[in-house]
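Me: Got a chain here to go through. Can you walk me through the surface first, then the rest?

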Amino acid sequence: HNLARQAPAAAAAPAPSAVAVMARSTLPSVLLLALGACALLHLAAPAAFVAAPSSALRGAVVAEQTNTAAAGAALGGAAAGLLTSAPAHAFGMLYDEVIPYAGATSFAIMWGIVLGFVLLRLQEAFPE
């Protein structure tokens, strides 16, 4: 009669296969490559396709744009509070647009699931 207790063996996680490791490590490198390409294009490409305005007119234009931008921001802020959209149930929009589009979208998703299972069964029925 052995009363000595053995320490439970640590459950070793199965080692991922080489294909899983390759697939997992590909995405960050592709994203990094795309980000590097975007940065390179941003630095290498010209900022605009038109010629820059002359320096004599630049000061007057900048001052005018600053005043116009401040007025536009003030008017935009005032208009944002006044131009809120009506709720979906107002003006019959809920029954005219929201419910029909929601129904059509739901039906298309469900039909896609049904067709997916049909294709799965066809693949099982006719193996290569």
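Me: Which residues make the nonpolar surface patch of about 830 Å²?
Reply: F107, W111, V114, L115, V118, L119, L122 and F126 make it. Patch members have over 30% relative accessible area and no salt bridge; nonpolar side chains (Val, Leu, Ile, Met, Phe, Trp, Tyr) are joined within 5 Å, like charges within 9 Å. Areas are Shrake-Rupley with a 1.4 Å probe, and for residues only the protein chains shown count as cover.

Me: What ground rules apply to the model?
Reply: This is a predicted model: local features need pLDDT of at least 70, side-chain atom pairs count only at pLDDT 80 or more, and totals for chains, interfaces and linings use all residues. Residues are numbered from 1 along each chain as its sequence is written, and side-chain values use heavy atoms, with hydrogens and water left out.

Me: Where does V118 lie?
Reply: In helix α3. V118 is partly exposed, at 40% relative accessible area. The classes are buried under 20%, exposed over 50%, partly exposed in between (1.4 Å probe, protein chains only).

Me: And how many aromatic pairs?
Reply: The count is 1. F107 and W111 have ring centres 6.5 Å apart and planes at 10°, so they are stacked. The rule takes rings of Phe, Tyr and Trp (its six-membered ring) with centres within 6.5 Å; planes under 30 degrees apart are stacked, over 60 edge-to-face, the rest tilted.

Me: How many residues apart are F107 and W111 in helix α3?
Reply: They are 4 residues apart, so about one helical turn separates them. F107 is exposed at 58% relative accessibility. W111 is partly exposed at 46%.

Me: Switching topic. How many salt bridges in the whole structure?
Reply: The search finds 1. R121 and E124 form it, at 3.9 Å, N to O. The cut-off is a side-chain nitrogen of Lys or Arg within 4 Å of a carboxyl oxygen of Asp or Glu. R121 and E124 are 3 residues apart in helix α3, about one helical turn. R121 is exposed, at 59% relative accessibility.

Me: What's the overall fold pattern?
Reply: Along the sequence it reads α-α-α, with 3 helices and 0 strands. Those are DSSP runs numbered from the N terminus: helices (H or I, at least four residues), strands (E, at least two).

Me: What share of the chain is buried?
Reply: Buried residues make up 1% of the 128. The chain exposes about 11900 Å², 72% of it from carbon and sulfur atoms.

Me: Which helix has the lowest mean pLDDT?
Reply: Helix α2 (residues 55-82), at 66; helix α3 (residues 93-125) has the highest, 93. pLDDT is the predictor's per-residue confidence, from 0 to 100. The chain mean is 73, and 55% of residues reach 70 or more. Where pLDDT is low, the predicted coordinates should not be read in detail.
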